Every structure is written in C-alpha cells, then in structure tokens.
Amino acid sequence: MEYKIIDRITIDPAICNGKPVIRGKRITAQTIMEFLAAGESKESILKQYPSLESEDIDAVLKFAASMMEHNYTVKQMV
C-alpha cells in the first residue's frame, strides 16, 4: 500500500524498503537531500535525474522541513 506524504513524496514498503521516494520512483528523498547537502545545485540534480522535475526537489525540501516539526527523544544505548 502506498502512502502519499507531502505532495510528490510517497512511501511504499515495496519500493526502496519503504524509504520516502519521489512520485513512486526509486529515487529517495534522502538521495536528493545528500546531493543538496554536498552543494549540488537543483539544475545539476535535474541533469543527473532527467525524470525528476523542479517541483520534486521542492517537495523533498518541504518534506525534510516537516520532519523537523517533530519532537525527538535521544536515548543512550549501552
């Protein structure tokens, strides 16, 4: 079963082990965030992934920002 998270971001246990992906493709939100964190431009990413649209990258950023709205508890593992 596929779940639509933010516009264009979906989670499906059958695709990429349930990681958030762009429009059901096998391109994870994490992959795009890693490119952006490494300093890649949106234009460069779109050249590397021609099936993506500019709005897909915007959706990944929106998705990542929404993850920061949650509260997290850090527990020390022994």
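**Close-up views of a predicted model**

**View 1. Helix α3, residues 54-67.** The 14 residues of α3 should span 20 Å at 1.5 Å a residue, and the end C-alpha atoms are 21 Å apart, which agrees. The expected span is 1.5 Å times one less than the number of residues; helices (H or I, at least four residues) and strands (E, at least two) are DSSP runs numbered from the N terminus. This is a predicted model, in which local features need pLDDT of at least 70 and side-chain atom pairs count only at pLDDT 80 or more, while totals for chains, interfaces and linings use all residues. Residues are numbered from 1 along each chain as its sequence is written, and side-chain values use heavy atoms, with hydrogens and water left out.

**View 2. The buried residues of α3.** Asp56, Ile57, Ala59, Val60, Phe63 and Ser66 are buried (under 20% relative accessible area; exposed is over 50%, partly exposed in between; 1.4 Å probe, protein chains only). Their cover includes β2 (9-11), β3 (21-22), α1 (29-37) and α2 (42-48). Beyond its neighbours within four places in sequence, Phe63 is in contact with Ile5, Ile6, Ile9, Pro20 and Ala29 (heavy atoms within 4.5 Å).

**View 3. The aromatic pair of Phe35 and Tyr49.** The structure holds one aromatic pair (Phe, Tyr or Trp rings, the six-membered one for Trp, with centres within 6.5 Å; planes under 30 degrees apart are stacked, over 60 edge-to-face, the rest tilted). Phe35 lies in helix α1 and Tyr49 in the loop between α2 and α3, 14 residues apart. Tyr49 counts as partly exposed because its relative accessibility is 23%.
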